[in-house]
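This briefing covers selected strand pairings and salt bridges. The sequence and structure come first, and the notes follow.

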Amino acid sequence: MGSTVISGLRARRWLLPALLTLAVAGCQNETETVEPTDTSYYQLEVGQFRIYEVSDTLWTNYVRQPQPRFQFRERVEEKFTDASGRTAYRVARARRNTPTDAWRDDSVLVVSPSATNVLVTRNNRRTVELVYPVRTGYYWNTNAFNEQNPVDKADFHYKQVGASFTTTSAAGQATTYPNTVTTGLRETDAEEGGEYINAFYYFRNRQVYASGVGPVYRSRRRFIYCPPGNCVPDPTRPFAGSVRTEVLIESGR
């Protein structure tokens with residue numbers, strides 16, 4: 001019957017594991033057991049850290065401009081209860097340009113996991129990063145808890161569930177995670193068939209989470225194919241744009 005729609009708070013009725021009792025003819029009852037939800041795709045513990053290798057590429061006036069690589073470290077600094085009564089974690093993000101440089105404070109995230117979803121607050125804006133249970137095709141409004149335009153690239157979905165995923169660092173170090181989920185914007189589904197959001201503009205946001213680990217890969221692409229005015233768009237030659245990729249290269253406590 002197509003993909004099941006999960007939107008905002010209505011999604012909660014799908015997300016709690018339960019025992020469903022089905023009444024059948026003759027007043028006979030049968031019980032169907034729903035497997036417990038795997039909520040390990042965004043692991044959090046005070047003292048835990050993750051280091052990501054970040055690569056940026058910019059396009060300006062049709063010119064591609066690779067930027068120097070750098071690193072982000074996300075470290076869980078504190079566990080607390082937020083104003084809504086949810087358990088939350090304060091995650092400090094730091095940056096360094098090379099592995100020998102000292103870390104410098106960059107920003108702070110608040111991550112709030114539960115049995116139904118994972119919420120992340122950055123720059124005073126709360127978004128829905130994951131919903132549980134993870135099932136291929138499920139989608140949700142990432143801006144359900146903020147003032148963002150709900151139709152502005154809001155619908156995320158699970159592109160893959162339970163698949164292995166391999167990341168590769170700039171030094172060629174490959175790491176394979178056997179059980180991952182991949183989220184992405186539903187609007188870009190046609191991209192894999194060679195199509196784009198439209199002839200003039202393209203945006204993609206992909207994130208991969210490994211069970212028992214957390215976020216291991218993030219990719220964001222935004223392209224504008226034509227300058228202001230009339231032109232013939234060429235998707236192989238952006239007029240302006242940016243690509244950012246974050247790859248987990250180290251984690252621990």
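E129 is buried, with a relative accessible area of 8%; buried means under 20% relative accessible area, exposed over 50%, and partly exposed in between, using a 1.4 Å probe and protein chains only. The model is predicted, so local features need pLDDT of at least 70 and side-chain atom pairs count only at pLDDT 80 or more, while totals for chains, interfaces and linings use all residues. Residues are numbered from 1 along each chain as its sequence is written, and side-chain values use heavy atoms, with hydrogens and water left out.

**Salt bridges**

- The structure holds twelve salt bridges, each defined as a side-chain nitrogen of Lys or Arg within 4 Å of a carboxyl oxygen of Asp or Glu.
- E129 forms one of them with R122, and the closest N and O atoms are 3.7 Å apart.
- R122 is partly exposed, at a relative accessible area of 29%.
- D56 and R244 form a salt bridge whose closest N and O atoms are 2.8 Å apart.
- D56 belongs to strand 3 (residues 49-60) and R244 to strand 15 (residues 240-252), so this pair ties together parts that are 188 residues apart in sequence.
- D56 counts as buried at 14% relative accessibility, whereas R244 counts as partly exposed at 26%.
- D82 and R126 also form a salt bridge, with the closest N and O atoms 3.3 Å apart.
- This pair links distant parts of the chain, 44 residues apart: D82 is in the loop between strand 5 and strand 6, and R126 is in strand 9 (residues 125-131).
- D82 counts as buried at 14% relative accessibility, and R126 as partly exposed at 21%.

**Strand 6 and its partners**

- Strand 6 spans residues 87-96, and seven of its ten residues are buried; strands here are DSSP runs (E, at least two residues), numbered from the N terminus.
- Strand 5 (residues 70-81) runs antiparallel to strand 6 and is joined to it by ten bridges; two strands pair if DSSP finds at least two bridges between them.
- A92 in strand 6 is the bridge partner of R75.
- Five residues lie between the strands in the hairpin of strand 5 and strand 6, where G85 takes a positive phi near 90 degrees.
- Strand 6 also pairs with strand 7 (residues 104-113), in the antiparallel sense, over seven bridges.
- R104 in strand 7 stands opposite R95.

Note on methods: Helices (H or I, at least four residues) and strands (E, at least two) are DSSP runs, numbered from the N terminus.
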